Amino acid sequence: MSLLILGAGPLQQQAYIRAKQRNIKTIGIDKDPHAIAFQHAHENYVIDICDTEGVLDVARARQVTAILTLCTDLAVLTAAQVAKQLNLPGLTTDTAKKSRHKGLMRDALNTAQVPIPNYRRTGDFAQAQKAADAIGLPVILKPTTSSGSRGVNVVCDMYELEHAFVFAQKYSEDQEVLVEQLIHGPEVSVETLSFNHDHHVIQITDKTTSLEPHFVELGHVQPTLLSTPEQSAVITVTKNALNALGCTYGASHTEIKLQEGTPYIMEVGARLGGDYITTDLVPLSTGVSMVDAVIDLALGKTPQLQSTKNQAAAICYIQAPPGTVQAVSGVFENFPYLMRAELFVQQGDSVRALQSSHHRAGYVICTGDTPSQAKRHAWQAAQSITIHVN
Ligand SMILES: Nc1ncnc2c1ncn2[C@@H]1O[C@H](COP(=O)(O)OP(=O)(O)O)[C@@H](O)[C@H]1O
Ligand SMILES: [Mg+2]
């Protein structure tokens with residue numbers, strides 16, 4: 001039994017660690033020879049996770065019996081293509097393509113009449129102007145292929161459109177940009193596992209993002225504080241979206257905004273939710289290991305999804321003003337509810353203005369008896385660190 005894991009960055013580590021604990025041989029792939037999770041693998045190969053032929057060569061040579069990625073969106077299509085070639089469990093390549101491209105995703109959801117913002121796809125600025133006119137300001141522009149809120153920008157005035165278009169296009173692999181109706185309201189993500197013709201909702205996460213124009217994710221809390229009817233509506237829309245995209249295998253992470261109680265799909269990731277939502281918050285709040293479940297599904301086994309906990313958990317991202325870090329003061333106190341904390345910056349590093357998830361300075365994960373308490377704990381712990389910049 002050997003498991004090929006695509007990506008060996010920080011968010012993939014749990015796959016390697018759990019597989020090792022379960023005596024499953026792991027083969028790691030990452031283009032970075034110093035990728036952090038390589039230390040836990042039995043064998044490593046320095047290959048780009050988007051290089052399907054390269055990954056396929058390793059998979060064939062090592063006769064792997066399973067392939068997966070945890071949270072790395074970039075690896076979803078490669079995993080599907082390799083699984084297809086080797087007849088292993090995986091997503092269809094059609095579903096993987098739709099999940100990787102926000103334009104294809106919007107079209108599939110639109111055809112299936114799943115509620116989404118009014119949208120247009122274009123690589124041409126003149127068409128983007130027409131789209132913004134037709135949809136009506138304010139609109140949001142975003143790249144069709146990106147993540148972490150990179151290239152996302154709200155436009156409230158036509159004068160801002162060109163800048164936002166160029167900004168979004170910069171991050172789009174195929175130069176295509178989505179022009180969308182701006183949905184106002186709270187945001188959640190739905191963490192699911194799909195197998196045997198069923199979608200299992202493991203948790204719903206409340207999300208906090210920075211304000212317009214960039215909507216960078218600043219924190220996540222579980223379980224959600226949405227009302228029971230709102231949760232039902234969110235679950236129905238999620239399952240409809242997963243069916244429309246063909247996400248019938250493995251983990252998914254569906255982001256939704258509710259406007260006046262009506263859920264609109266922001267996007268669906270055909271993989272586990274990142275930002276430690278599924279690797280850390282879900283086990284803390286429910287006791288379910290979605291990582292184990294993803295490994296089980298890759299191995300062709302039925303996962304154990306029984307919830308054993310009913311606790312609240314939160315992650316709060318640490319922010320710093322833009323500039324060069326002069327000093328970091330304060331320490332994370334050893335509170336019993338502090339589960340994990342990390343700082344990404346140190347003296348001498350430069351911090352950029354918060355335009356995407358990549359510009360966050362660290363994070364704190366805490367538990368609590370209620371979502372509000374977990375959130376407060378995480379925020380307080382984050383406040384104990386000050387990053388001085390000039
Ligand atoms: N049409 C929209 N209306 C309102 N907010 C949106 C819309 N599209 C995106 N957003 C906000 O921007 C964030 C990032 O957009 P998203 O499509 O999820 O891109 P990414 O792949 O970079 O996460 C979303 O989580 C949401 O907060
Ligand atoms: Mg998103």
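Let us begin with an open sheet of 3 strands, whose order is E17-E15-E19 and whose pairing is antiparallel. Two of these strands sit at the edges, strand E17 (350-351) and strand E19 (386-389), and each of them pairs on one side only. Follow strand E15, residues 323-329, and you will find that its antiparallel pairing with E17 runs over 2 bridges. Here Thr-324 stands opposite Ser-350 in E17. Keep in mind as you look around that this is a predicted model.

Now step back to the whole chain. The domain assignment divides the protein chain into domain 1 (2-88), domain 2 (118-181), domain 3 (184-309) and domain 4 (313-389). Take domain 2 and domain 3: their centres, taken over C-alpha atoms, are 26 Å apart. Where the two touch, domain 2 brings 4 residues to the contact and domain 3 brings 6 residues. On the side of domain 2 that touches domain 3, there are 2 nonpolar and 2 polar residues, but no charged residues.

These two domains bring us to ligand 1. Why does ligand 1 lie between domain 2 and domain 3? Both domains give residues to the shell around ligand 1, so the ligand lies between them. Of the 20 residues around ligand 1, the ones that come nearest are Pro-117, Ser-147, Glu-180, Ile-183 and Phe-215. Sorted by class, the shell holds 7 nonpolar, 6 polar and 7 charged residues. Strands take part too: strand E6 (139-143), strand E8 (177-181), strand E12 (250-259) and strand E13 (262-269) each supply at least two residues of this shell.

Conventions: Residues numbered from 1 in each chain as written. Chains lettered and ligands numbered in written order. Predicted model: local features only at pLDDT ≥ 70, side-chain atom pairs only at ≥ 80, totals over all residues. Pairing = 2+ DSSP bridges. Helix = DSSP H or I, 4+ residues; strand = E, 2+ residues; numbered from the N terminus. Near = placed C-beta within 6 Å. Nonpolar A, V, L, I, M, F, W, Y, C, P; charged D, E, K, R; others polar. Domains from an automatic or database assignment. Contact = placed C-beta atoms within 7 Å.
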